[in-house]
Amino acid sequence: MSLAVVGAIVVLSVIGVPIAFALIGAVLMALFVWGGTTPTVIPLQLFSGAAKFPLLAIPLFVLAGGMMNSSGISLRIINLASAMVGHVRGGLAMVNVVDSMFFAEISGSAVADVAALGSVIIPAMVKKGYTPAFTAALTSVTASLAIIIPPSIPMILYAVMAETSVTRLFLAGFAPGVIGGGLMMAVVYYKARKYGFPVDEAFSVRRFGRAFRQAGWTLLLPVIILGGMFGGVVTATEAAGLAVLAAFLIGVFVYREMNFRQLWAVTLDGVTATASVMMIVAASAVLGWYLTNEQVPQQFAAWMLHLTANRILVLLFLNVFLLIAGMFLHSAAAILLIVPIVMPLVRQVGIDPTHFGIIVTLNLAIGQQTPPVASVLLTACAVAKQPVGTVFREAIPFIICLLITLAIVTYVPAIPLFLPRLLQP
Amino acid sequence: MDAVVEGRESLRAPRPSVLTRLYAGFALIVEIWCALLMVAMALIVLLGVWYRYAVQRALPWYDEFAEFLLVWLTFYGSVLATRRGGHIGFETLLDYAPRGVRRALLVVADLVVLAIQGALVVYGWRLVQAASFDTAISLRAVRLSWVYAAIPISGALMFAIGLPQLVWRAMGRQRP
């Protein structure tokens, strides 16, 4: 029966039914065919799936990110990064990595990252003589750091599904984000030496000082968002609320680059983005209810433990499974569908849920870069107007960086867990 | 003079049909409602923080109401997402199919989605009736059925948007 439900979901999705409706439709079908409970349970589960306080952080971070895009903040971040690392060989490519890492700290989504930074930095890099394919690949891959570095929407979804703390997960994302970014900069440096990438501009303290002052208010944003959360002053949702307020004040009163028209567009884009993710959240609660009734997560755990209870092997298996799932599923959908099923297994083998959360997000970050379903890579290709195949080939060395980070994070739990243990024992 | 005005008239785009204008107006109402929900949600979260630190008193209804707003935003927002074609799906794989097959499958998919939305209206409405005496925990004056009602109402609105889209797609025309 559960297999028929899963089959129905796959068939419906492949013929083009949106995932949220495919999930509801499959459970509805099961209830009609095999009876049992009245289908009134479906709207009830939809309601309780969506009515969760930590999920409020999603629309608020999306809104804050959108406001920052239209308030001239991205340009200032690029200027600052350029003043910091532009003098290295391959300067602008380095800038691309650094500004993505910084932007990741105020925006929650990788697609937003590509759209915001890519539209500025891709033309700038191409003008300096970088090939468009390399530029698009780099922008795409660095943007995926956004979902490992807090705040991150996939992490919020994971925390809700695994019933663990959003703040702890955010703290755990820092070290892997820095490792991933560092590895990518190393690749850029190697390529820059080999192919003689251009140097952007000589380092000057005055230029740095000017860029720093111009970015001043922007630099305050991560302090508000992360400081408030990690200091235990506010919850992740409240930090997101403060981020909206800060982005609004900076955009309207400090930089004065945002008008009502832009605010209106940004709000409605935020509503659409939120609703499309939240509908899957709500629908996955319906599926979760059905599968739990059928004891599928427990059966899966028992089946897996029957094969092996070795933590290293289980982690390897989960990684391969998540990588494949990430290639075909949107990251939000992957988390909502897979996490509830594998969580009993993860707990029984003794993997820290926070640690596993970082593994899941890293896998999905890689999945965003690999066709057939590569949301971030496709956005970068669209911005740079380049074919997917060539861009993907250029992205491979950077995807390997992410895979190395994944291996390190998987088998050295101390790296992600160091910060949460230190600050939130 | 008249001839000139008539000439200009013919250059203009054809007047949108009554139905198109009706839908545009209806979409604007949904847009305004969703924008209000988004703003209210941000304000209520900020108000909660303000009360805790500045007034030094927790707002008892703060988290429950914020959750209700999120439920509303999810369902009314998904009406907007339906209109904009923003729901997350697998269309990447469908792009590899031949044109005719692709169109046929999309029509089937649209029919399935309409059926599910119909079911949401029927069973959502039953839930609203079943819960007509349940109230929110923090404020007894608020009935849960007002919150649940978002499900059948948004289901009906999505149906109303999806039906003409299906007809246009089946006839092989682009969305209006």
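**Why these labels?**

Biologist: Why is A:E238 called buried?

Modeller: A:E238 has a relative accessible area of 2%. Buried means under 20%, exposed means over 50%, and partly exposed is in between (1.4 Å probe, protein chains only). So A:E238 counts as buried. By the way, this is a predicted model: local features need pLDDT of at least 70, side-chain atom pairs count only at pLDDT 80 or more, and totals for chains, interfaces and linings use all residues. Residues are numbered from 1 along each chain as its sequence is written, chains are lettered from A and ligands numbered from 1 in the order in which they are written, and side-chain values use heavy atoms, with hydrogens and water left out.

Biologist: What makes B:R52 and A:E238 a salt bridge?

Modeller: That label needs a side-chain nitrogen of Lys or Arg within 4 Å of a carboxyl oxygen of Asp or Glu. Here the closest N and O atoms are 2.8 Å apart, so the pair gets the name. Side chains of opposite charge can pair when their charged atoms come close. And B:R52, at 31% relative accessibility, is partly exposed.

Biologist: What makes A:E257 and A:R76 one of the salt bridges?

Modeller: Their N to O distance is 3.4 Å, so the pair passes the test. A:E257 sits in the loop between α12 (236-254) and α13 (260-293) of chain A, and A:R76 in helix α5 (73-85) of chain A, so the pair ties together parts 181 residues apart in sequence. Helices here are DSSP runs (H or I, at least four residues), numbered from the N terminus.

Biologist: Are A:E257 and A:R76 each buried, partly exposed or exposed?

Modeller: A:E257 has 37%, so it is partly exposed. A:R76 has 18%, so it is buried.

Biologist: How do you know how big the A and B interface is?

Modeller: The size of an interface is often given as the accessible area lost when the parts come together. Buried area is just that: the accessible area (1.4 Å probe) that two parts lose on being put together, summed over both. For chain B and chain A the buried area is about 4,900 Å², and carbon and sulfur atoms give 82% of it. The contact (heavy atoms within 4.5 Å) takes 55 residues from chain B and 58 residues from chain A.

Biologist: How do you know that α2(B) spans what a helix should?

Modeller: The expected span is 1.5 Å times one less than the number of residues. With 38 residues, α2(B) should span 56 Å, and its end C-alpha atoms are 53 Å apart, so the two agree. B:Q56 follows α2(B), and its phi is positive, near 60°.

Biologist: Why is A:T142 called buried?

Modeller: A:T142 has a relative accessible area of 0%, so it is buried. A:T142 is in helix α8 (132-143) of chain A. Not counting residues up to four places away in sequence, A:T142 touches A:N96, A:V97, A:S100 and A:M184.

Biologist: And why is A:S13 called buried?

Modeller: A:S13 has 3%, so buried again. A:S13 belongs to helix α1 (2-14) of chain A. With residues up to four places away left out, A:S13 touches A:A22 and B:F90.

Note on methods
Helices (H or I, at least four residues) and strands (E, at least two) are DSSP runs, numbered from the N terminus.
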